[in-house]
Amino acid sequence: MFTLVAMLLSLGISADGAGAMDAMNEISQDYVKLVLGMGRHDADYVDAYYGPEEWRKEAERAALDLATIIGKAGELSKKLAELDTSSLDAMGKQRHLYLTKQIKALTARAEWLSGKKMTFDQEAERLYDVKPPEFGEDHFKKLAAELEKALPGEGSLTTRLEAYRKRFIIPPDKLDKVFKAAIEEARERTGRHMELPSGESFVVEYVTDKAWSGYNWYKGKAHSLIQVNTDFPITIDRAVDLACHEGYPGHHVYNALLEKHMVTGRGWLEFSVYPLFSPQSLIAEGSANFGIDVAFPGEERMAFEREVLFPLAGLDPAGVDEYYRIMELVRKLSYAGNEAARNYLNGTWDREKTIQWLVDYALFSRDRAGQRLKFISKYRAYVINYNLGQDMVAAWVNAQGGTADQSAERWKVFERLLSGPMLPSNLEL
Ligand SMILES: [Zn+2]
């Protein structure tokens, strides 16, 4: 015992700190098994798992019902709350907070699956550790008026945007070539600034009939399956967006870095499972979207689009700058989608009113608005993770010195964000 204490002290860890860590390792195991247990009730819940296979089997055998899961999650929360964390270092304390919030989210999702009603904002707070901002119609009217100036002409703004975007659709037979070129470039750029885990790899698949446009399925051992939904025509901006968001330095890299630093490096097995409806998703989606700007800042993206992707897709590169200026204005309108979700899920608006709002302010065609409503119904308050997540990650990275003019520092700060137990509330400035 003495030797152990002496050894721990020489490592700068107190015996109590080790005790608290042991307790958290146990809680972590139980938490992973509860997440796996949720998979039986919610097919979308377990987004990735590459921990011990035995735990998966154990969860299957246990076949816990929701009430039992809620009860067990409550016990874990209590254990965490009662744990003396005073001797833990900063990372240990952050782990404690991380487990606390992830379990809070698990409880909320299990309660919702059991029929408990939650407003959009309650769901955002309990599942994603964030209070989403609210914007009124005037806000979107002003943004739409800016876009009106950029896209003058007859008919509604939505119709004009739709017609304009048609000029930038990637012909289906060129899709794979364009995507592969974008992914290769994103990977090369990321590899220049981050040490990617050795042997990291991915495969790309084209699928149909999904509620999303792209998806990264992380398989462990730094391997991902990236799926692209071809239900709707795909415009050229989606190539770099998707390459970065799903791949480099987005989801694929985030998962691989967590595996390397948290799971392999520290043995913190709570990171071997990724529950979709949890605070981790705000970090995941926010960083995946912001990662586009990190890998392809402003003019660099324009140059790559002009010189490589537009010619590969057989599109006229003369339109590059204008197209991306317009797309940036459209991005600002994406918060209109959050208001649609808030009002639809709270029951304030019916289906027709929500679709009309999505057409008028998020500028979706009616078809796409219908698809978006399907996404909202399935993923609910999850929608905030993309735009709010992106804006929160961007503000945080900038505040840490990773501003657009400090490229090397930006990559360093961004890598730090992707490598540890970061929570949305940690990003608040
Ligand atoms: Zn994503």
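## Two helices side by side

An axis here is a line fitted to C-alpha atoms, for a helix over the stretch in contact, and an angle between two axes can run from 0 to 180 degrees between N-to-C directions. Keep that in mind as you look at this model, which is a predicted one.

Take helix 15, covering residues 335-345, and helix 16, covering residues 351-360: they pack with their axes 9 Å apart, at an angle of about 175°. Angles over 145 degrees count as roughly antiparallel, so helix 15 is roughly antiparallel to helix 16.

## Who meets whom

Which residues of helix 15 meet helix 16? On the helix 15 side you'll find Ala 336, Gly 337, Ala 340, Asn 343 and Tyr 344, and they meet Thr 354, Trp 357 and Leu 358 in helix 16.

## Zooming out to the domains

Now for the bigger picture. The protein is divided into domain 1, running over 2-117, and domain 2, running over 137-427. Their centres, taken over C-alpha atoms, are 30 Å apart.

## Where the domains touch

How many residues of domain 1 are in contact with domain 2? There are 24 of them, and they touch 19 residues of domain 2. On the domain 1 side, the elements giving two or more residues are helix 2 (15-38), strand 1 (46-49) and helix 5 (90-113). Helix 5 brings the largest share, with 10 residues. As for the make-up of that side of domain 1, it splits into 14 nonpolar, 5 polar and 5 charged residues.

Terms used
Residues are numbered from 1 along each chain as its sequence is written. This is a predicted model: local features need pLDDT of at least 70, side-chain atom pairs count only at pLDDT 80 or more; totals for chains, interfaces and linings use all residues. Helices (H or I, at least four residues) and strands (E, at least two) are DSSP runs, numbered from the N terminus. Angles under 35 degrees count as roughly parallel, over 145 as roughly antiparallel, 65 to 115 as roughly perpendicular and the rest as oblique. Two residues are in contact if their C-beta atoms, placed from the backbone, lie within 7 Å. Domain bounds come from an automatic or database domain assignment. Ala, Val, Leu, Ile, Met, Phe, Trp, Tyr, Cys and Pro count as nonpolar, Asp, Glu, Lys and Arg as charged, and the others, Gly among them, as polar.
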